[in-house]
Amino acid sequence: MHVRDAKDGEELKNPSPILFQKSIDLINKNGGTVFLVGLKKNKIYNSLNSIIDTTKLPLDQYERECLSIYIWSKSKFFIGCLSGGSLPPLTFGIKTLWLDIHPTEFFRTPNVGDICLPKRIFYENEKRYLTFEEANSQFHYISQTENPKLAKNNGYKIESVTFDLVENILNNLITGEKDINPNFKEEHHPRLPIGARIFTKIL
């Protein structure tokens, strides 16, 4: 697992730590073990519980990078976000669940098995969530900003994906099933892009 935590004017790229903690809890409940990879300066890691944080192990830089490569290449699946630490699993063909992806206009993972869950975009002017197609349209291009102030000033509220969707997918990843649960009701998630499948599954 890798989580982005940066105060760089692009905070909308940061995922919800609560979403990641719930994912950790679900994996542990099902007998799995979660390893965190990243940089020591990542403060969000201090708020995550019941995990093995590789940044806190007594390793030098070379040893830590070797361990990260092992984790990236041997994991049953990987959980990441729009951050560099989530990209290496692609090299090894490890299926990755990309959580709270934002923006979505420029990112398409080349790994066919990956699943991307974008953040939800609420359009204040019309009091509704935008569909995936609308959020990536020319009319709503500002909704793709990574800057929280710019989004707010233009009437867009960027919200985290709901955990019931994450839970459904994680259960399938844990059990090794290939397809999304057919009982999952898409109407509960207005931003699900019907037919939006470019190299990867974007839900």
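**Close-up views of a predicted model**

**View 1. Strands β6 and β8 form an antiparallel pair joined over 4 bridges.** The model shown here and in the views that follow is predicted. Strands of a sheet pair through backbone hydrogen bonds, and the pairing may be parallel or antiparallel. Here, 3 strands make up an open sheet with antiparallel pairing, in the order β7-β6-β8. Strands β7 (128–129) and β8 lie at the edges, each pairing on one side only.

**View 2. The rings of F122 and Y129 form an edge-to-face pair.** A pair of aromatic rings is described by two values, the distance of the centres and the angle of the planes. A search of the whole structure finds 2 aromatic pairs. In the pair of F122 and Y129, the ring centres are 5.2 Å apart and the planes meet at 75°; the arrangement is edge-to-face because this angle is over 60 degrees. F122 counts as buried, at 17% relative accessibility. Y129, by contrast, is partly exposed, with a relative accessible area of 24%.

**View 3. Y123 and Y156 form a stacked aromatic pair.** The centres of these two rings are 5.1 Å apart, with 20° between the planes. The pair links distant parts of the chain: Y123 belongs to strand β6 (residues 120–123) and Y156 to strand β8 (residues 156–159), 33 residues apart. Is Y123 buried or exposed? Its relative accessibility is 8%, so Y123 counts as buried. Y156 is buried as well, with a relative accessible area of 7%.

**View 4. The cysteines C81 and C116 are buried.** The relative accessible area of C81 is 0%, and that of C116 is 4%. A disulfide is a covalent bond between the sulfur atoms of two cysteines. How many disulfides does the model contain? The count comes to 0 disulfides.

View 5. An α-helix has 3.6 residues a turn, so residues three or four places apart point the same way. The buried residues of α5 include F163, V166, I169, L170 and L173. Which elements do the buried residues of α5 pack against? They pack against α1 (17–29), β3 (78–80), β4 (96–101) and β5 (115–118). After α5 comes G176, whose phi is positive, near 90°.

Definitions and conventions:
Residues numbered from 1 in each chain as written. Predicted model: local features only at pLDDT ≥ 70, side-chain atom pairs only at ≥ 80, totals over all residues. Heavy atoms only, no water. Phe/Tyr/Trp six-rings, centres within 6.5 Å; stacked < 30°, edge-to-face > 60°. Buried < 20%, exposed > 50% of the residue type's maximum accessible area, 1.4 Å probe, protein only. Helix = DSSP H or I, 4+ residues; strand = E, 2+ residues; numbered from the N terminus. Disulfide = S-S within 2.5 Å. Pairing = 2+ DSSP bridges. Contact = heavy atoms within 4.5 Å.
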